[in-house]
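Hello,

Here is the structure I promised to pass on. Could you have a look at it alongside the notes below?

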Amino acid sequence: MGFEPPQRLVRTLGETYGDAAAAEWLGELPELAGRALDRASLDTERVMAPGGRSSLVVLVRRSDGSPAALKIAPSFTRPDLERDALAHWNGWGAAQLLDEAGEGALVLERLHPEVSLRSLPEAKALLEAAGIVRRLWVEPPAGHGFETVTERTAAQASAMEPYRADPATAELTAAALTAREELVAGDAETVLLHGNFRQGKVLAGDRTPWLAVGPEPLVGERAYDLARLVRDRVEDLVAASSGASAARRRVNKLADSLDLDRERLRGWSLFRAVESGTRALTAGRRQDAELLLEFASWL
C-alpha cells in the first residue's frame, strides 16, 4: 500500500515523541498497513486526511462488504490501552472495537469523520458532549494497565518546570503546578476516563447519533476528563470581548450539569491549559501557546 502519510500526523508525532522515533515508524508504515489489511481481510477505500494526530486512519471494507475504519498507531502511543478501553466500553458512548489486526492496528466501527460536535452551535455541542462523556465514566476493568491521573500529570508537571524561570510564563506555571499538587492530594475517585475528550473527538454515527473516538485512557477523577472540553473553541473565546467571563461561566455550567465540584474543574482546566500552552511553546507553536495561556489566565 503506497501513500503519503498526512502532514498533521507527521508533524504531531515529531513534536510529541521526537523526530527520530516518528521517522522510524513512518518509514515502516506502508508495510505495517499492508500487513494489517491482509490480516483482517480488508479492502481499502481511502486514507483519512488530515486524519489523526497520532495514528493513521484508513476507511476500509470488511470481507462481508460492511464499512469499517482501520486505525494504525505506533507502539509508543500505547494503542493497546485504547483497545482495552474500547473493549471495556463495548460501544457504550464510544466507537465499537470490531477486530484487531496486529502491530497496533485496530478495526473500528466506521463513523462519519467529517461530522463532529464542532459542527453544532456551541451550546448544543456542549450539551451533547456532556451526555457522551457521562457514559464513558465507568468502573475500570479488573487488573487494568491504565495509568492514573496522578502518574500522567506528574510527567507533564516535570516538563513544565523550566517555565517557572521564564518571566512570561512563571506566574501561570506556578499557579498551574500548585493547583495540580492540591488536586492530586485530594483525588479519591477512580473511574475510567477518555483522557483527551473534546468536541472534535465525538463523531456522528449510524448506530447512535454521537460516539467518542481516540481515547488516551487513564483512571482518576471525572473533573480531569472534563477539563479539556472546557477550553474547546478557545480561539472563539479569545476573540470575544466577553471571553473571560464566558470561560468562567462554561466551567460552572459544565461542572453543575455533571455534578462535579466547580473548583476542582477550574483547577484541572487551569493545569491542562498551561500544560498544553507550555508544550506548544516547546514545539515552537507560539500562536497556539498564546491562545492557551491567555485562556488559562482567565481561570
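**A helix pair and a pocket**

Helix α6 passes α10 in a left-handed crossing, meaning that the near helix is turned anticlockwise from the far one by less than a right angle. This is a predicted model, in which local features need pLDDT of at least 70 and side-chain atom pairs count only at pLDDT 80 or more, while totals for chains, interfaces and linings use all residues. Residues are numbered from 1 along each chain as its sequence is written, and side-chain values use heavy atoms, with hydrogens and water left out.

The axes of α6 (residues 170-185) and α10 (residues 262-282) come within 9 Å and cross at roughly 135°. On the α6 side, the residues in contact (heavy atoms within 4.5 Å) include Leu172, Leu177, Arg180 and Leu183. Their partners in α10 include Arg264, Trp268, Phe271 and Val274. By class, this contact has eleven nonpolar, three polar and two charged residues.

The lining (residues with an atom within 4 Å of a point) consists of Glu122, Ala123, Leu126, Leu237, Ala246, Arg249, Arg250 and Lys253. Helix α9 gives the largest share, four residues. By class, the lining has four nonpolar, no polar and four charged residues.

Best wishes

Definitions and conventions:
Axes are lines fitted to C-alpha atoms, for helices over the stretch in contact, and angles run from 0 to 180 degrees between N-to-C directions. Helices (H or I, at least four residues) and strands (E, at least two) are DSSP runs, numbered from the N terminus. Ala, Val, Leu, Ile, Met, Phe, Trp, Tyr, Cys and Pro count as nonpolar, Asp, Glu, Lys and Arg as charged, and the others, Gly among them, as polar. On a 1 Å grid over the protein atoms alone, a cavity is a set of points where a 1.4 Å probe fits but cannot get out, and a pocket is an open set with protein on both sides within 12 Å along at least five of seven lines; lining residues have an atom within 4 Å of a point.
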